[in-house]
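Dear colleague,

I am passing on the structure we spoke about, and my notes follow directly after it. Please read them with the structure open beside you.

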Amino acid sequence: MLHPPLSLLSDDLLAYLVKNVAELPYEKENLNNLSLADRAFTESCQKYIFRELKLSNTNKVSERLKLLKEVLDDKPHFATHIRMVELANETAWLFSDPTFTSILQMLANSPIPPHTLHFGRLMGMSLIIDDPILVVRWLTQSFFSLTLTVLHLSECKNVPLPIFLICPRLREVILDHVGATEKSYVDYPADLCSGRDSPSPEVFKYRNSHSLVQQIITPPPRFKTPVVLWSNLRILTIAPHDKEALPCLQPILDAACNTLEELYLTDLDRFESRQILLAGLMTLSNLSNLRIFAIIAAINCNKRRNAPTPMIIHDINTVLGTIPKVNKITHLSFDFDIVGRVPFNGCLNQDWVGMFDEIIRISHGKPLELELVMGVSTGNLGVNHAGEDELYTSITRQAASLLEHPEICTHSWNPTFWARGVGPFPSGQVRDRCRR
């Protein structure tokens, strides 16, 4: 039994505590321990413990399915907690496994069947989806064709394009290091490529997935209808260093010009960190409802002697300059990774003043939240090299013009803030409007 002060908390507050535990690292272990600590936590913990069904391609997957089936047979209401199914690329054989299909039937009979599907390498070894036609056909015949709202594909080389058409209720699509190998789709049955309603996602996120994104934008002739409609897209996230995928950005912006509200160029690319100049690849001039624009940019000071300095801030200013004076922007976020050491050649002479002038122009007297994050990458982790503090101070000093505009609420951060116990705001997110 709980003792004061926990015994004095309402059920809502106890559920809130469990929710926060579920967001910590090693959440399964923590939730299991908390569930056993007191029965007051058990039910809330079970909702998170059984929230995901993850099946990797290991020699223990059949044993795990058997144990799960026994648990669900004993306590069928646990099936109502499962919201996501995660499968390895090479697990198409599961669709013929009687234990797995019986579990799927229990999920199908749930009042709220799972709505999220994740396909990827996971703990398997293959980047190839086994029998992609079978996978698509299985999806058309499963409850996912009616319930799937979130589709996450990662580390797959042969994603079948029809997978989007058989799930018309898709609201969120995440593509991470995936590709399309098919070009004509002549081997796919006609009913998987046409005669279906196209999904209209509200959230679209892609990284290192240009071959598939290109097919989504311009499907092969076998597809008589669009694979994806952009008429409801509200949030778009891409990697600003993904030089092959960036050319896909403007066609999406054009198609979603009336609905897009949030644009994040913040998805880090683990294989590439070189900054790509964006001015020739995108314009924000037609995004009539854009509220949030966020970008991560790298300023490399380790250039060779006499080599030209890439004008990264000038490039960003050119993109900002395409935002009309009359706009709906409420949040701007800039995260700068300054690569190099003292004297940080080519950083201080970037057009910082021009950037702050663009911010003032975009605000145009209306409230605006500005996030300005700076950090130095020297290759020597954990060491604060001399001159970094002066660099941050010099850049911030060039933002003095913002002080004359109280409607612009500026939130600055650099690594010196760690000493004050203040960490950076999470990348790819925006804070609520300040109350002042």
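**Helix packing and domain contact**

In this predicted model, the axes of helix H1 (residues 11–22) and helix H2 (residues 27–37) come within 8 Å of each other and cross at roughly 150°. Since angles over 145 degrees count as roughly antiparallel, H1 and H2 are therefore roughly antiparallel to each other. On the H1 side the contact is made by Val18, Val21 and Ala22, which meet Glu27, Asn30, Leu31 and Leu34 in H2.

Turning to the domains, the domain assignment gives domain 1 as 11–50, domain 2 as 51–229 and domain 3 as 258–435. The C-alpha centres of domain 1 and domain 2 lie 28 Å apart, and 5 residues of domain 1 are in contact with 7 residues of domain 2. Between them, these two domains bury about 620 Å², with 58% of that area on carbon and sulfur atoms. Of the area that domain 1 buries against domain 2, Gln46, Lys47 and Phe50 supply 80%, more than any other three residues. As for salt bridges, the count between domain 1 and domain 2 is 0.

Key
Residues are numbered from 1 along each chain as its sequence is written. This is a predicted model: local features need pLDDT of at least 70, side-chain atom pairs count only at pLDDT 80 or more; totals for chains, interfaces and linings use all residues. Side-chain values use heavy atoms; hydrogens and water are left out. Axes are lines fitted to C-alpha atoms, for helices over the stretch in contact, and angles run from 0 to 180 degrees between N-to-C directions. Helices (H or I, at least four residues) and strands (E, at least two) are DSSP runs, numbered from the N terminus. Angles under 35 degrees count as roughly parallel, over 145 as roughly antiparallel, 65 to 115 as roughly perpendicular and the rest as oblique. Contact means heavy atoms within 4.5 Å. Domain bounds come from an automatic or database domain assignment. Buried area is the accessible area (1.4 Å probe) that two parts lose on being put together, summed over both. A salt bridge is a side-chain nitrogen of Lys or Arg within 4 Å of a carboxyl oxygen of Asp or Glu.
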